[in-house]
Structures are given as structure tokens and as C-alpha cells.
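I set aside this page for a single chain and wanted to work from its fold down to individual side chains. The entries follow the order in which I looked things up.

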Amino acid sequence: MAELKKEWYVLRAISGKEAKVKELLDAQIKNTNLGNYVSQVLIPSEKIVTTRNGKRVVKERNLYSGYVFIEATLTGEVIHELSNTTNVIDFLRGRSKGSAPESLRQSEVMRMLGAADEINDANEDGFNDFLVGEHVKVTVGPFAGFTGEIVDLDSEKRKLKVEVKIFGRRTPLELEASQVERELAK
């Protein structure tokens with residue numbers, strides 16, 4: 001059988017149900033002949049790092065809420081099968097009602113995939129942004145408001161060693177990158 005040309009399409013899904021749609025489609029691809037027509041199901045997301053109760057929490061956030069991207073060949077009943085998946089509203093279509101699903105341009109796909117890769121490759125906590133000798137201000141914890149100089153970077157623990165002056169003495173602190181911010185040059 002000749003390889004069918006697959007293009008990227010966008011499914012509109014109920015917001016917040018994108019992961020469930022992906023899970024259902026992946027199961028259909030695996031267990032039915034839908035796998036012959038659909039090769040990938042993607043939900044581009046980014047990692048968000050926050051601090052909650054002094055602990056570092058990593059969450060994933062969808063880049064495009066309410067949308068699921070699929071690489072597929074839309075022939076026969078494939079359109080019907082995909083658009084009737086639970087929590088799917090419909091395909092993203094052209095301007096006229098009832099028109100065929102519109103595929104994404106290759107440049108849009110590359111931009112979308114590139115943006116997702118950049119975000120995933122990006123340093124999630126900003127640790128590598130700091131340099132030894134740089135002046136920072138502590139923003140969280142009992143030493144909040146103190147300024148100091150970075151004297152060491154521990155890449156294994158992903159901690160910064162910062163010396164601050166307390167009562168005229170230099171005191172070393174071990175902090176996470178999320179607990180400090182750059183001191184603006186005066």
C-alpha cells in the first residue's frame with residue numbers, strides 16, 4: 001500500500017479536556033485501523049515553575065487551550081471518527097460553514113513544534129542564568145530583602161551560594177534561583 005500523505009490538522013476540544021481527547025485518540029490509534037490514517041496526536045505545553053509553601057512545584061500548561069493537533073490523512077470515515085470523539089467539538093475549518101477541515105501550513109507546524117521544543121529545552125528554573133560574582137537580592141524566606149554576591153553555583157543541587165552581609169559579617173546562604181532576583185546596576 002502506498003504511503004498516504006499526512007498533514008497537520010487542528011481539533012477543537014472542550015477546554016480542559018485536551019489530555020482526555022489525546023488519551024482517547026491514542027487508544028483508538030492503537031486498537032483500531034485509525035492508526036493507518038493518524039500518526040501523531042499533540043498537545044503543545046510548557047512547564048511552569050512556581051514556589052508553593054517554600055517548595056518548588058513544576059506544572060504543565062497548555063500553549064493552546066482547547067486545541068489538539070493531529071497529523072493525519074483525512075479520507076473516508078476518518079473525519080467523522082475524529083470529530084465524533086468524546087470531548088471533541090469539531091475540526092478547525094475554513095471560513096464557510098460545512099467546508100473541509102483546513103490543514104496547517106508547514107511554516108505554522110514548524111513554528112508550533114519549534115516553540116514547544118524551545119520551551120521544553122529552556123532552563124525551567126533559570127539556574128544557568130546566574131554567574132559567580134553577580135549581585136542578587138533575596139526575595140523569599142527569612143533573609144528576604146538582603147542583597148549579596150553569588151560566590152558559587154552548585155549545578156548538581158541546582159543551588160546558588162550567596163554571601164550576604166548581616167551585622168557587618170559576610171554570611172553564606174544556599175538558595176534556589178527562584179528565591180533571588182538580579183540586583184539592578186546602580
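Reading from the N terminus, I noted the order of elements as β-α-β-β-β-β-α-β-α-β-β-β-β-β, which comes to 3 helices and 11 strands; helices (H or I, at least four residues) and strands (E, at least two) are DSSP runs, numbered from the N terminus. The model is a predicted one, so I kept in mind that local features need pLDDT of at least 70 and side-chain atom pairs count only at pLDDT 80 or more, while totals for chains, interfaces and linings use all residues. Residues are numbered from 1 along each chain as its sequence is written, and side-chain values use heavy atoms, with hydrogens and water left out.

**Entry: the chain overall**

I looked up burial and found that 29% of the 186 residues count as buried, where buried means under 20% relative accessible area, exposed over 50%, and partly exposed in between (1.4 Å probe, protein chains only). The chain exposes about 12100 Å², of which carbon and sulfur atoms supply 49%; such areas come from the Shrake-Rupley method with a 1.4 Å probe, and for residues only the protein chains shown count as cover. For contacts (heavy atoms within 4.5 Å), I noted that residues 24 or more positions apart account for 57% of those with a separation of 6 or more.

**Entry: aromatic pairs**

I then turned to the rings, and the structure holds 3 aromatic pairs. Rings of Phe, Tyr and Trp (its six-membered ring) pair if their centres lie within 6.5 Å, and planes under 30 degrees apart count as stacked, over 60 as edge-to-face and the rest as tilted. One of the pairs is Tyr9 with Phe91, which is edge-to-face because the ring centres are 6.3 Å apart and the planes stand at 85 degrees. This pair links distant parts of the chain, with Tyr9 in strand S1 (residues 7-13) and Phe91 in strand S6 (residues 88-91), 82 residues apart. Tyr9 counts as buried at 9% relative accessibility, and Phe91 is buried at 2%.

Tyr64 and Phe69 form another edge-to-face pair, with centres 5.4 Å apart and planes at 65 degrees. Phe69 is buried, with 7% relative accessibility, whereas Tyr64 is partly exposed at 33%. I placed Tyr64 in the loop between strand S4 (55-62) and strand S5 (67-72).

Tyr64 also belongs to a nonpolar surface patch with Tyr67 and Leu92, and together they have about 230 Å² of accessible area. Patches are made of residues with over 30% relative accessible area and no salt bridge, like charges being joined within 9 Å and nonpolar side chains (Val, Leu, Ile, Met, Phe, Trp, Tyr) within 5 Å.

**Entry: salt bridges**

How many salt bridges does the structure hold? I found 7, a salt bridge being a side-chain nitrogen of Lys or Arg within 4 Å of a carboxyl oxygen of Asp or Glu. Among them, Glu23 and Lys20 meet at 3.5 Å, N to O, and both lie in helix H1 (residues 18-31), 3 residues apart, about one turn of the helix. Glu108 bridges to Arg105 with the closest N and O atoms 3.3 Å apart; Glu108 is partly exposed at 25%, and Arg105 is exposed at 57%.

The side chains of Glu134 and Arg182 meet at 2.5 Å, N to O. Glu134 lies in the loop between helix H3 (106-121) and strand S7 (135-138) and Arg182 in strand S11 (residues 180-182), so the pair ties together parts that are 48 residues apart in sequence. Glu134 is buried at 16%, while Arg182 is partly exposed at 41%. Arg182 also lies over the face of Phe130, 4.8 Å from the ring centre; a charge sits over a ring if NZ of Lys or CZ of Arg is within 6 Å of the ring centre and within 35 degrees of the ring normal. I noted as well that Glu149, Glu163 and Arg170 are linked in a network of salt bridges.

**Entry: backbone angles**

Most residues other than glycine have a negative phi. Asn87 has a positive phi, near 75 degrees; Asn87 is in the loop between helix H2 (78-83) and S6 and is buried at 18%. Arg158, not a glycine either, has a positive phi of about 60 degrees. I found Arg158 in the loop between strand S8 (147-154) and strand S9 (159-166), partly exposed at 29%.
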